Amino acid sequence: MKPMMEMSSLRPIAQQFSRTVTSIQPIGNGYINDTYLVGTAAKPFVLQKINKRVFPHPELIMANLEVLSQHIRQLNDKQISLKIPDLLLAETGVNFLTDEDNEYWRALTFIDNTVSLETLDNLAQAGQVGFALGQFHRITWELDVGKLHDTLPGFHITPHYLAQYSLVRAQPAVLEDAFCADFIARFQPIAIDLETARNQGLLRERVIHGDPKLNNFLFDKASQHIVSLIDLDTVKPGLIHYDLGDCVRSCCHDLETDEFRLEVFHAFLGSYLEQMGEFITQSDLQFLYPAIRLIPFELGVRFYTDFLLGNRYFKVTEPQ
């Protein structure tokens, strides 16, 4: 929990989006932004402070979200069941505000009666995740990637993270862990798999979510169907394989056995292809497996490099 004094200091910020604020409390367990649920006399909303250490240009994020929202509104497709949280306007008439410390704040609609999951309980849930990610890719398939800013240059470019790691480990004061260093060295050759395919024209750049891990999908409590995909800060041009690899990573890992749950993947992919089957090429399928292998490795390199730097990017609870 945030200290109560800090909670009270949030009230003036929240009141710029609604004058009838009744409560403010932390919500979610994201690694990047600070997120709060704000109660009001009308409807609650979500208040977020954008982490400028991660996103140095928050205004580009907001511009991307406007483009995405406008694109989805124009589709007017009754078959679209996925809801994207709407941006709320501040009293100034814009969709974000800055405080006295020049921190960026935004407010979004709160999608009620939903729950996010950390692990899947059954194959029906896996199918729902595949269906929702497939629908997101389908409804953004015709969105011109040239209209979107790259809010995180180098994000999901694994050779970029390896280059950062090499620079960090070369610093005199850095004390490496032998197991991690050896693991990275052994698997380093797979880092170029997707980028080589992109450069060869085998994979095409599209709109990606960027961070479709399991707990970014909201399940309706009653129907158990996914109704929303949240945390859209990393929406940008990229390879859908990065989304697929990251989503599968968070869904198919058996925490007890440390194995890959093939039956979960089968349910996920079948539902994904219900939405995306007409768009997926043979090359897309060919590089699906390298993506599933690559993304966990990439994330491990990122976590470990950040550890060597003193945990600047990811929020952690343990020093080691």
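The model is a predicted one, so local features are taken only where pLDDT is at least 70 and side-chain atom pairs only at pLDDT 80 or more, while totals for chains, interfaces and linings use all residues. Residues are numbered from 1 along each chain as its sequence is written, and side-chain values use heavy atoms, with hydrogens and water left out.

**A pocket and a cavity**

Helices (H or I, at least four residues) and strands (E, at least two) are DSSP runs numbered from the N terminus. Pockets and cavities are found on a 1 Å grid over the protein atoms alone: a cavity is a set of points where a 1.4 Å probe fits but cannot get out, and a pocket is an open set with protein on both sides within 12 Å along at least five of seven lines; lining residues have an atom within 4 Å of a point. Grid points are joined across faces, edges and corners, and a volume is the space filled by probe spheres set on the points.

The second largest pocket holds about 470 Å³ of space. Its lining counts 17 residues, and Tyr161, Gln164, Asp306, Leu309 and Tyr313 are the ones that lie nearest its centre. Two elements give two or more residues to this lining, α4 (158–169) and α10 (288–308).

Helix α10 is also the place of Ile292. With a relative accessible area of 14%, Ile292 is buried (under 20%; exposed means over 50% and partly exposed in between, with a 1.4 Å probe and protein chains only). The C-alpha atoms of Ile292 and Asp243 are 9.8 Å apart, though 49 residues separate the two along the chain.

How many cavities of 30 Å³ or more does a search of the whole structure find? It finds one. The largest cavity has a volume of about 50 Å³, and its lining is made by His241, Leu244, Leu269, Tyr272, Leu273, Ile280, Asp284, Leu285 and Leu288. The elements giving two or more residues to that lining are α7 (240–252), α8 (262–276) and α9 (282–286). Helix α8 provides the largest share, three residues.

Strands pair here if DSSP finds at least two bridges between them. Three strands form an open, antiparallel sheet in the order β6-β8-β9. Because β6 (114–115) and β9 stand at the edges with a single partner strand each, one side of each is left without a neighbour in the sheet. Strands β8 (residues 217–220) and β9 (residues 226–229) are joined over three bridges, and Phe219 has Ile226 of β9 as its bridge partner. Five residues lie between the strands of this hairpin, where Gln224 takes a positive phi near 65 degrees.

Most residues other than glycine have a negative phi. Asp231, in the loop between β9 and β10 (236–238), has a positive phi near 55 degrees; Asp231 is partly exposed at 31% relative accessibility. Asp258, in the loop between α7 and α8, has a positive phi of about 60 degrees, and at 59% relative accessibility Asp258 counts as exposed.

**Salt bridges**

A salt bridge is a side-chain nitrogen of Lys or Arg within 4 Å of a carboxyl oxygen of Asp or Glu. By this rule there are twelve salt bridges, including these:

| Pair | N to O distance |
|---|---|
| Glu91 and Arg19 | 2.7 Å |
| Arg186 and Asp182 | 3.2 Å |
| Arg198 and Glu205 | 2.8 Å |

Glu91 lies in the loop between α2 (58–75) and β4 (97–98) and Arg19 in the loop between α1 (4–14) and β1 (21–26), so this pair ties together parts that are 72 residues apart in sequence. Arg186 and Asp182, by contrast, both lie in helix α5, four residues apart, about one turn of the helix. Arg186 is partly exposed at 48% relative accessibility, and Asp182 is partly exposed at 42%. Glu205 is partly exposed too, at 35%. Salt bridges that share partners join Glu195, Arg198 and Glu205 into one network.
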